[in-house]
Amino acid sequence: MEKVTDGSEFLKNLFLDDDPRTLYVQTWGGTNTTARALKSIEEEYKDTDQWEEIQQKINDKLVLYIILDQDDSYSNYIAVNWPDLKIINDRSNFWHFAYAWKNHTDEVNSRLQGEWNLENIKEGHGALLNYYALMGDGNVIEGELEEEQRGIDAYLENNPQYNRYDFISEGDSPSFLYLIDNGLRSMEDPSYGGWGDRFGTDGEARWINNVLDFDPYTNRYESEYSLMRWFDDIQDDFAARADWCIASNYEDANHAPTVTVQEGIDLTATPGQTLTLHASAQDPDGDQVTFRWWHYFEADTYEESKVAKNETVNEEMSGLLLGIHRDLAEGEVTDSIELTGSDTAEVTFTIPEDAQSGDTIHIVVEGEDSGAHGMKHYQRVIITVQ
């Protein structure tokens, strides 16, 4: 980060401009270019009357989403000199959409397997998708190390755990997927969870992989399941977009519906109160839309204390941190709110009697269309107990 570059100057100008919108900086590796931009701003303004105002402006404006901080510029410079900057730091879960995916159960991996990738992404999807890299697909990446040429037969021979056309890695993609407005509202608060993962705060302005979602396939709480739970939906969405590459007209492809909840998405209720919510959907292709309601209890503040009450966790190490896990405690209930009509447009449930004022309860409805690949849109309703 000692050298001023075209990239750091580009970022510096963005950081200082007067666009009031939140600016997300995605870091796929090391933060040195971002750090250099911030350092250049510090050098220019620190000894001026504008410094405090400039710092506040940047702290209010920026969100850094970091995938595996691979150099020291964040810890040695940004964290020290810009401690109030908002940081989302995926240090471990991204591996599960990368080279660690073979560690999962088959149920989670159904759309990462070679046969599915060949049929839905690669084969017959045009020139762009011909370049999408899969195991043993024949693609040779210019400049890549020979032992990392995953498209050649020799790699498959040396790594028999993979089949031809298996998924390779999209470990950086969660930082982009975080920004897709799919109704899950994760951009409002990283603890809500969505396609870009779910995070907990470390007590400062930093969000890290320290929260657990319940994996029904392994029957335990896992940090990485907060990302893995979305794999099917993410891949189905990708497959529909791959179809767009060869569709002659808009009408020849599938597009996601839009889901709304009649009662609104921010509600209040009292302990013991019964609520009924009504969903509706509009589909741009005229497809039929089916609904599924579910309680995202791990994202609740009502359930949070119960999820976290057993602090005995296991950090799995395999060269790099791959996740935090917790086994179910004896007699532990994973979801204490029963939904009636969860597979219809109308759902009914009761706020628990022991809910405290200020507790939040997250109810998600997803609408899936009847078109190719079953595209989805969601709506998250957050009920605050009073």
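**Loops, strands and aromatic contacts in the predicted model**

H373 is found in the loop between β15 (360-369) and β16 (376-385); helices (H or I, at least four residues) and strands (E, at least two) are DSSP runs, numbered from the N terminus. The structure is a predicted model, in which local features need pLDDT of at least 70 and side-chain atom pairs count only at pLDDT 80 or more, while totals for chains, interfaces and linings use all residues. Residues are numbered from 1 along each chain as its sequence is written, and side-chain values use heavy atoms, with hydrogens and water left out.

The backbone of H373 deserves a look: its phi is near 75 degrees, a positive value in a residue other than glycine. H373 is partly exposed, with a relative accessible area of 22%; here buried means under 20% relative accessible area, exposed over 50%, and partly exposed in between (1.4 Å probe, protein chains only). N219 is another residue with a positive phi, of about 60 degrees, although it is not a glycine. This residue lies in the loop between β6 (213-215) and β7 (220-222) and is partly exposed, with a relative accessible area of 45%.

Strand β16 itself holds H377, which is buried at a relative accessible area of 13%. Leaving out residues up to four places away in sequence, H377 touches D181, N182, G183, P257, T258, V259, V365, E366 and G367, where contact means heavy atoms within 4.5 Å. For H377 and D181, the separation is 196 residues in sequence and 9.1 Å in space, C-alpha to C-alpha.

Turning to the sheets, five strands form an open sheet with mixed pairing, in the order β1-β2-β3-β5-β4; two strands pair if DSSP finds at least two bridges between them. At the edges stand β1 (23-28) and β4 (200-201), each with a single partner strand, so one side of each is left without a neighbour in the sheet. Strand β1 runs parallel to β2 (residues 62-67), and six bridges join the two. Within this pair, T27 stands opposite I66 in β2.

L277 has V347 in β14 as its bridge partner. In a regular strand the side chains alternate between the two faces of the sheet. Strand β14 (residues 346-350) has V347 and F349 on a covered face, and E346, T348 and T350 on an uncovered one.

Among the helices, α5 (residues 114-122) and α10 pack with their axes 8 Å apart, at an angle of about 40 degrees. Axes are lines fitted to C-alpha atoms, for helices over the stretch in contact, and angles run from 0 to 180 degrees between N-to-C directions. The angle makes α5 oblique to α10; under 35 degrees counts as roughly parallel, over 145 as roughly antiparallel, 65 to 115 as roughly perpendicular and the rest as oblique. On the α5 side W116, N117, N120 and I121 take part, meeting Q235, D236, F238, A239 and A242 in α10. By class, this contact has five nonpolar, three polar and one charged residues, with Ala, Val, Leu, Ile, Met, Phe, Trp, Tyr, Cys and Pro counted as nonpolar, Asp, Glu, Lys and Arg as charged, and the others, Gly among them, as polar.

Q235 lies in helix α10 (residues 231-244) and counts as buried at 2% relative accessibility. Its contacts, leaving aside neighbours within four places in sequence, are F97, R111, L112, W116, N117 and F167.

Aromatic rings bring further links. Rings of Phe, Tyr and Trp (its six-membered ring) pair if their centres lie within 6.5 Å, and planes under 30 degrees apart count as stacked, over 60 as edge-to-face and the rest as tilted. By this rule the count comes to 16 aromatic pairs. In one of them, W101 and Y162 have ring centres 6.4 Å apart and planes at 45 degrees, so the pair is tilted. W101 lies in the loop between β3 (86-90) and α5, and Y162 in the loop between α7 (153-158) and α8 (173-177), so the pair ties together parts that are 61 residues apart in sequence. Both W101 and Y162 are buried. The pair of W230 and W294 is also tilted, with ring centres 5.9 Å apart and planes at 50 degrees. This pair links distant parts of the chain, 64 residues apart: W230 is in the loop between α9 (225-228) and α10, and W294 in strand β11 (residues 289-295). W230 counts as buried at 2% relative accessibility, and W294 is buried with a relative accessible area of 9%. Finally, F97, W101, Y162, F167 and F231 form one aromatic cluster.
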